[in-house]
Amino acid sequence: MPMSVPLLGEFTGEPAKFTGFRHPGCSASVVLRPMDEQVCWADKGFWEPGEPIDSTTYAASGRHLFDGSFTWPVMVLKSGALDHNVVTLAGFADEHGLLLAPHGKTTMAPSLYQQQLDAGAWAITVASPSQALVARRAGVRRVLVANEILDHSALSWVASERAADPEFLHLHLVDSVEGVEAAAEASALVGVEDRPLSVLIDLGFVGGRTGCRSVEEALELGRVVASTSGVFLAGVAGYEGGLKTVEAAGGYFDDLRRLASTLFTEGLVAADAIVSAGGSAFFDVLAERWSTGWPAEMTPRKVLRSGAYVSHDHGTYTDKTPYNRIEGSLEPALEIWAQVVSAPEPGLVIVGMGKRDAPYDSGQPIPLAVRRNGHDRAEPLEGAVEKMDDQHAYLHTDAGLRPGDLVAFGISHPCTAFDKWRLIPVVDGDYVVTDLVRTYF
């Protein structure tokens, strides 16, 4: 029977610890980009034409979103909603016996990784080797790359990190013999065949993204991994994105369970093998389908990889969230404030916010409120964004908006919102800045 998945000491389900920006095994801090510890003229939305300000000092200075410290547009994170979402999904995972490995590619924000780990997350998921490097340099000790890695430089780096730090757990997906061979070659090159690279068999579905297209194909690849030196079969994984219904997602989760169970009965994975899936649309279905049906002696580590939940939204995930089916809720944590720059026609205003500032791949921004020029109080706003150019949004509304008015927008699809902002102010319910979140895209 295969050995258990290598972890940080004995497995207890306890979260990995975020240790800050330090190189593993080294007492020296990693050298960050000089501006990363400062707020300055280069940070979009922040109005700092003078000398840079230390980020910690800035966050503690009591700045207000509307006191002249910012220019428009600017995206903010609302602390109350953010905290609620982190705690809510951590509680869901704990209640259903799931390990949470939030998909960090949503935010690429190490400070939010820390908040998620502190709330009980077991690992951080990323989508590419470069993102894995960010997580690693942020001190994350368990990293799951939800893709196949074929880059020999990246695989050699993983092998070297494993050799230098026995407590570093790195997992990535494979769906091809080429992927298995690339991992084995990196192990041999670095000389760590006794510390093999851990991989998960990627099971997809017809018309989906990556992954073997059938359980039988995935089983064959599992047998290849099990017979290949320098590579360790840690379990199976997949992603249900692209499936439209509860029934389709449920059938797919059943296939993942069947794949893992068969690999176990064939002696190719350990009893505590990892089984991982779960975006932010069907995690309730995953919890239900994986609650039973495992072989009697199998105790799988069921890893949920939701990412968009951390900020939620006013569009895509408002419609898709499992909390439309189960008890509980998530709260939209992102707002973009932008200024009306033109009112050229009745019922149409042009807002200084465009594709460089707000996501548009899964729906346009949603107008929420307006602070009319010279007024401190926001009022609800009805309307719709028809389209956006690079720097302008076409907002149709009968609210009589005028140039200078400030409009708050919700966003649709957080995964393409964070990447447009390198520094994001966190604000309380009164829009006082309480923290800063820096992204690393």
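This is a predicted model: local features need pLDDT of at least 70, side-chain atom pairs count only at pLDDT 80 or more; totals for chains, interfaces and linings use all residues.
Local features need pLDDT of at least 70, side-chain atom pairs count only at pLDDT 80 or more, and totals for chains, interfaces and linings use all residues. Residues are numbered from 1 along each chain as its sequence is written, and side-chain values use heavy atoms, with hydrogens and water left out.

**Exercise 1. Domains**

Solution: 
- Step 1. The unreviewed UniProt entry annotates residues 333-428 as "domain: D-serine dehydratase-like". Its positions are given in the numbering used here, feature names are shortened, and annotations may be inferred rather than shown by experiment.
- Step 2. Residues 333-428 are 0% helix and 45% strand. The end C-alpha atoms of this stretch are 11 Å apart. Helices (H or I, at least four residues) and strands (E, at least two) are DSSP runs, numbered from the N terminus.

**Exercise 2. Strand 3**

Task: Find the partners of strand 3 and explain why strand 3 is largely enclosed.

Solution: 
- Step 1. Strand 3 covers residues 74-78. Strands pair if DSSP finds at least two bridges between them.
- Step 2. With strand 12 (residues 334-345), strand 3 pairs antiparallel over 4 bridges. V76 has E335 as its bridge partner there.
- Step 3. With strand 19 (residues 423-427), strand 3 runs parallel, joined by 2 bridges. Here K78 is bridged to V427.
- Step 4. Check burial. Buried means under 20% relative accessible area, exposed over 50%, partly exposed in between (1.4 Å probe, protein chains only). Because 4 of its 5 residues are buried, strand 3 is largely enclosed by the rest of the structure.
- Step 5. Look at the loop between helix 1 (55-59) and strand 3, where P73 is found. The W72 to P73 peptide bond is cis, with omega near 5°.

**Exercise 3. Pocket and cavities**

Task: Describe the largest pocket, say why it lies between the domains, and list the cavities.

Solution: 
- Step 1. On a 1 Å grid over the protein atoms alone, a cavity is a set of points where a 1.4 Å probe fits but cannot get out; a pocket is an open set with protein on both sides within 12 Å along at least five of seven lines; lining residues have an atom within 4 Å of a point. Grid points are joined across faces, edges and corners, and a volume is the space filled by probe spheres set on the points.
- Step 2. The largest pocket has a volume of about 660 Å³. Its lining counts 29 residues, with Y239, G241, G242, Y317 and K320 nearest the centre.
- Step 3. Helix 10 gives the most to this lining, with 3 residues.
- Step 4. Both domain 1 and domain 2 give residues to the lining, so the largest pocket lies between them.
- Step 5. Count the cavities: there are 2 of 30 Å³ or more. The largest cavity has about 100 Å³. Its lining has 15 residues, and D202, R209, T210, G238 and Y239 are the closest to its centre.
- Step 6. The second largest cavity holds about 30 Å³. Its lining residues include S280, H312 and Y317.

**Exercise 4. Positive phi**

Task: Locate M108 and Y431, and decide whether each is buried or exposed.

Solution: 
- Step 1. Most residues other than glycine have a negative phi.
- Step 2. M108 has phi near 45°. M108 sits in the loop between strand 4 and helix 3 (110-118). M108 is buried, at 1%.
- Step 3. Y431 has phi of about 65°. Y431 sits in the loop between strand 19 and strand 20 (433-438). Y431 is buried, at 15%.

Notes:
Domain bounds come from an automatic or database domain assignment.
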